[in-house]
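Me: Please show me the structure, and then we can go through some questions about it.

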Amino acid sequence: MNNNIIRPEPSKSNDTLISVNKKTDREEAAAHLIAGNYLLVEDRYSTGMAVLAELKKQVFGGKKKDFFSAYRNKRSEFYHASNRLLVPIKSNRIALKKSPDIGWLEKLYPDIEDFQLTFPQIQGLNSSWQWYLKGIAYPGLKEKIHPFYGTYFPTRYDHLTLFDEWLKKYGGPKTLAIDIGTGCGVLAFQMLNRGFEKVTASDIIPNSVISVEEHAKKIGVSDRLEVCLSDLFGQHHQKADLIVFNPPWLPAQKEIEGLDSAIYYEKDLFERFFSEAAIFLNEGGKLVVLFSNLAESAGAADFHPVKDELNIQKRYRQISLRKRKVKRSSKKTKRRDHRKKECVELWELEPL
Ligand SMILES: C[S@@+](CC[C@H](N)C(=O)[O-])C[C@H]1O[C@@H](n2cnc3c(N)ncnc32)[C@H](O)[C@@H]1O
């Protein structure tokens, strides 16, 4: 397995650990976490859950509403304190009674069997394992995708529907397509499904490469899909008929780490992408960029990378623009105002 694989780092705390079990006073245990002490759960998974519940009560004080800054501080306090509650792992399994079975403990840690992870790390691994087992059905795909740990996978599908509708109408050559920032590979698999002979997909996250290769093997298309660990086009050299990029949609406010790269973009990302993309397009080749007005409508940015490219840099011509209002995920979910106006966009361009 790839050495650079992203996985929750085992605890390296040298502090003395305080053991907790079902007999431990939970209020005291939560107070220890807040005070900066490390606790190790020693009997059951439910003990850890109960301590976390008590910690939440102590940190948030049972209040539903708070000023934004006060709430942010409490969230940060909860984050740090909860990450001092440790779970023992022995022979790649949680060494506590009535624990969930999390296959990632074996797959991600072939080099170590006995270690400790924090309770929130375990909860994250467990949730990812459930998605992996269950799989996700996406528009335009026959088989469900089972995203590998640490891989970005969409939980809303409006941009995927837009792209699949566009692909259905696409009448150009289908020899080779490139999918930049492939995530779990959904756009690459949509293109293969719509008749592209070959697709090259890239991502900067190693887990993403594993995820896409695993799915390609499972559905028998490995010979038509090449997956590379690379920044944008990397070592790629063949020209394509179509390049698609569903980039991160929000400008980064701080340094980007790990999976943040799926959500936030660094300032130079689009300049680099647009200047390289034209080199990798065949004569008459098309560039499709999926984007959203999320940052603009939330007031987080007045910069729109595609509009900037078309109006200021002027290296491409717009062929078409399709938009689709983002469906509410649930009637019960109250969206903030800007989310109500959210649209996804499909920009079809060609080099000038
Ligand atoms: C919004 S996600 C889209 C994933 C997938 N294509 C989809 O539509 O669901 C953006 C992806 O781009 C990847 N990414 C970000 N910066 C990149 C770069 N410089 N080179 C390659 N991939 C990058 C991220 O890791 C992430 O998987």
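Me: What percentage of the 352 residues in the chain is buried?
Reply: This is a predicted model, in which local features need pLDDT of at least 70 and side-chain atom pairs count only at pLDDT 80 or more, while totals for chains, interfaces and linings use all residues. Residues are numbered from 1 along each chain as its sequence is written, and side-chain values use heavy atoms, with hydrogens and water left out. Buried means under 20% relative accessible area, exposed over 50%, and partly exposed in between, with a 1.4 Å probe and protein chains only. Of the 352 residues in the chain, the buried share is 47%.

Me: How many helices and strands does the chain have?
Reply: Helices (H or I, at least four residues) and strands (E, at least two) are DSSP runs, numbered from the N terminus. The chain has 12 helices and 14 strands.

Me: Which strands stand at the edges of the open sheet of seven strands?
Reply: The sheet has mixed pairing and the order 8-7-6-9-12-14-13; two strands pair if DSSP finds at least two bridges between them.

Me: What angle does the direction of helix 8 make with that of strand 8?
Reply: Helix 8 (residues 206-218) packs on the sheet and touches strand 7 and strand 8, where contact means heavy atoms within 4.5 Å. Axes are lines fitted to C-alpha atoms, for helices over the stretch in contact, and angles run from 0 to 180 degrees between N-to-C directions. For helix 8 and strand 8 the angle is about 165 degrees.

Me: What is the volume of the largest pocket?
Reply: On a 1 Å grid over the protein atoms alone, a cavity is a set of points where a 1.4 Å probe fits but cannot get out, and a pocket is an open set with protein on both sides within 12 Å along at least five of seven lines; lining residues have an atom within 4 Å of a point. Grid points are joined across faces, edges and corners, and a volume is the space filled by probe spheres set on the points. The largest pocket has about 930 Å³.

Me: Which of the 46 residues lining the largest pocket are the closest to its centre?
Reply: The lining has 26 nonpolar, 11 polar and nine charged residues. Here Ala, Val, Leu, Ile, Met, Phe, Trp, Tyr, Cys and Pro count as nonpolar, Asp, Glu, Lys and Arg as charged, and the others, Gly among them, as polar. Helix 6 gives the most to this lining, with three residues. The closest to the centre are Pro 247, Pro 248, Ser 261, Ala 262 and Ile 263.

Me: How many charged residues line the largest cavity?
Reply: The largest cavity holds about 40 Å³ of space, and its lining includes Ile 178 and Thr 200. By class, five lining residues are nonpolar, four are polar, and the number of charged ones is no residues at all.

Me: Is Leu 232 buried or exposed?
Reply: Leu 232 sits in the loop between strand 8 and strand 9 (240-245). Although not a glycine, Leu 232 has a positive phi of about 45 degrees. With a relative accessible area of 5%, Leu 232 is buried.
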